[in-house]
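Please read each point with the model open beside it.

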Amino acid sequence: MTSITTSRYTAQMRMAELIETNYNLLLLFPRFGLELGVGENSIAEQCMRQGVSPDLFVMICNIYTFADYMPTPAELEQLDVEQLLGYLSRSHKYYIESRIKPIEQQLKTITGHCSPTHNVVLQRFFSEYEQEVIHHFTYEEDTVFPYIRMLMACNKMQAEYDIDTFKNNHSNIDDKLSDLKYILVKHLRGIGIADQTTELLFQIYSLEEDLNKHTFIEDVILIPLVQHLEKRIYEHQ
Amino acid sequence: MSTNKRIVIIEPYAMIAQGLRLMIDEIKGYEVSAIIADGHYIERIVPLHPDIIIINPSLIDIKKKGELEDISQRVPNAIMAALVYQYVDPEVLRYFKTTIEISDSREKIAVKLRQMIETNDQPAESSELSDREKEILVAVAKGLTNKSIAEQYHLSIHTVITHRKNLTRKTGIKSVSGLTVYAILNNLIDIKDVE
């Protein structure tokens with residue numbers, strides 16, 4: 001459990017050392033397009049080499065590791081919004097293709113051992129969850145992100161939309177995943193393949209934690225950044 | 001794994017939060033897992049799985065109704081204590097199991113924490129669903145609204161909502177689809193009834 005601490009990651013730290021402190025951060029590499037084989041490189045060197053903003057990478061690593069971490073307004077100010085949007089988009093794709101699809105496959109293997117009815121019900125439940133997530137991400141990709149890009153490009157407010165609309169509708173997509181966890185742990189009996197079920201549960205717990213951080217990033221980095229941008233434009237108009 | 005009760009402190013001022021933490025550290029059986037200093041704390045509490053949340057109620061936006069309900073839904077097992085040193089609306093205080101005052105001694109805090117845990121453990125009711133709860137579950141799975149469930153069973157909407165909260169607490173399942181899966185797995189309903 002991470003307790004309050006004054007230690008935070010900085011871009012001067014070695015990349016290999018960072019991974020050693022929290023191996024879960026490895027899950028961020030594909031989303032940033034970062035490669036391994038980091039040698040003795042510092043985080044800054046490794047990021048620059050691969051076209052990633054070290055500030056953004058370090059901030060996100062801090063969010064993933066320290067429960068009480070909150071970026072300061074000054075840190076937010078310096079962020080590259082386009083890099084952030086790119087990271088979020090790649091994360092969306094990563095969640096669907098690299099996390100949710102494999103979970104769906106694992107679940108299929110397990111429900112294959114259930115009665116036909118239970119098999120159908122469980123698979124249908126998961127596909128509802130998947131659709132919900134896809135819908136949530138698609139809205140961000142098709143409505144929210146283009147709006148932000150438009151704001152940056154033409155420095156103009158759009159009357160029909162603002163980030164508060166998104167903020168107020170930023171829906172919660174974690175209920176069904178958490179439900180599935182309880183169904184597997186407490187309620188699905190007698191399928192006798194503990195190995196696969198355990199493996200699946202690890203994947204679900206890990207995805208759940210990761211998605212929590214993702215929502216947190218959107219709520220404490222993305223939304224405040226855009227609010228700031230809107231305010232600046234509004235004052236200049 | 002330690003069996004200490006995990007406490008999260010949500011308090012904007014570092015001096016107060018750290019002071020409280022130091023006092024709690026000296027009380028056996030408890031540990032402070034995190035101090036959260038700002039708003040936006042709900043998402044951060046959930047993964048910490050605290051047993052006790054000590055929160056400064058002035059951080060809770062009273063106008064934003066449902067924030068406290070939201071915490072108790074997202075972290076159903078946590079007991080809530082209010083950390084009080086300013087005026088707090090008594091309406092808000094009703095939601096808390098106890099209040100910790102800034103003038104409390106370490107001993108007094110220890111007693112309050114212990115009492116909270118004990119009174120919370122008392123109603124160690126079974127997690128089996130009652131017959132009424134099973135009926136409500138089936139109705140929910142069939143897609144009935146709280147209003148029509150209330151009418152059908154001659155209950156107040158408030159009672160229906162209480163039953164639904166208990167269903168979620170006992171099964172761990174929040175979504176209607178998830179409750180439907182539960183009902184089918186337990187043969188409370190036939191798959192044809194929900195198609």
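**Notes on the predicted model**

1. Within the sheet of chain B, B:Ala82 has B:Thr99, in strand 5 of chain B, as its bridge partner. Strand 4 (residues 79-84) of chain B is joined to strand 5 of chain B by 4 bridges, and the two strands run parallel; strands are said to pair if DSSP finds at least two bridges between them.

2. A word on the basis of these remarks: this is a predicted model, in which local features need pLDDT of at least 70 and side-chain atom pairs count only at pLDDT 80 or more, while totals for chains, interfaces and linings use all residues. Residues are numbered from 1 along each chain as its sequence is written, and chains are lettered from A and ligands numbered from 1 in the order in which they are written.

3. The sheet of chain B is open and consists of 5 strands in the order 2-1-3-4-5, with parallel pairing. Strand 2 (30-36) and strand 5 (98-101) of chain B are at the edges with a single partner strand each, so one side of each has no neighbour in the sheet. From one strand to the next, the twist averages 25 degrees. Helix 1 (residues 14-25) of chain B packs on this sheet, where it touches strand 1 (5-10) and strand 2 of chain B, and its direction makes about 170 degrees with that of strand 2 of chain B (angles run from 0 to 180 degrees between N-to-C directions, and axes are lines fitted to C-alpha atoms, for helices over the stretch in contact).

4. Chain B as a whole has 9 helices and 5 strands, these being DSSP runs numbered from the N terminus, with helices (H or I) of at least four residues and strands (E) of at least two. Along the sequence, the pattern of chain B reads β-α-β-α-β-α-β-α-β-α-α-α-α-α. The C-alpha atoms of chain B fill a box of roughly 60 × 40 × 25 Å along the principal axes. Of the 195 residues in chain B, 30% are buried, a residue being buried if 20 or more other C-beta atoms, placed from the backbone, lie within 10 Å of its own.

5. Where do chains A and B meet, and how many residues does each give to the contact? The contact takes 28 residues from chain A and 24 residues from chain B, two residues being in contact if their C-beta atoms, placed from the backbone, lie within 7 Å. On the side of chain B, the elements that give two or more residues are strand 2, helix 2 (42-45) and helix 9 (176-185), and helix 9 of chain B supplies the largest share, 6 residues.

6. Chain A is assigned domain 1 (15-69) and domain 2 (80-236), with bounds that come from an automatic or database domain assignment. The C-alpha centres of domain 1 and domain 2 of chain A lie 22 Å apart, and 9 residues of domain 1 of chain A are in contact with 11 residues of domain 2 of chain A. Helix 2 (29-32) and helix 4 (54-65) of chain A are the elements that give two or more residues to the domain 1 side, and the largest share, 4 residues, comes from helix 4 of chain A.

7. Helix 6 (residues 81-111) and helix 7 (residues 116-154) of chain A pack at an angle of about 175 degrees, with their axes 11 Å apart. Helix 6 of chain A is therefore roughly antiparallel to helix 7 of chain A, a description used for angles over 145 degrees.

Key
Parallel < 35°, antiparallel > 145°, perpendicular 65-115°, else oblique. Buried ≥ 20, exposed ≤ 12 C-beta atoms within 10 Å, placed from the backbone.
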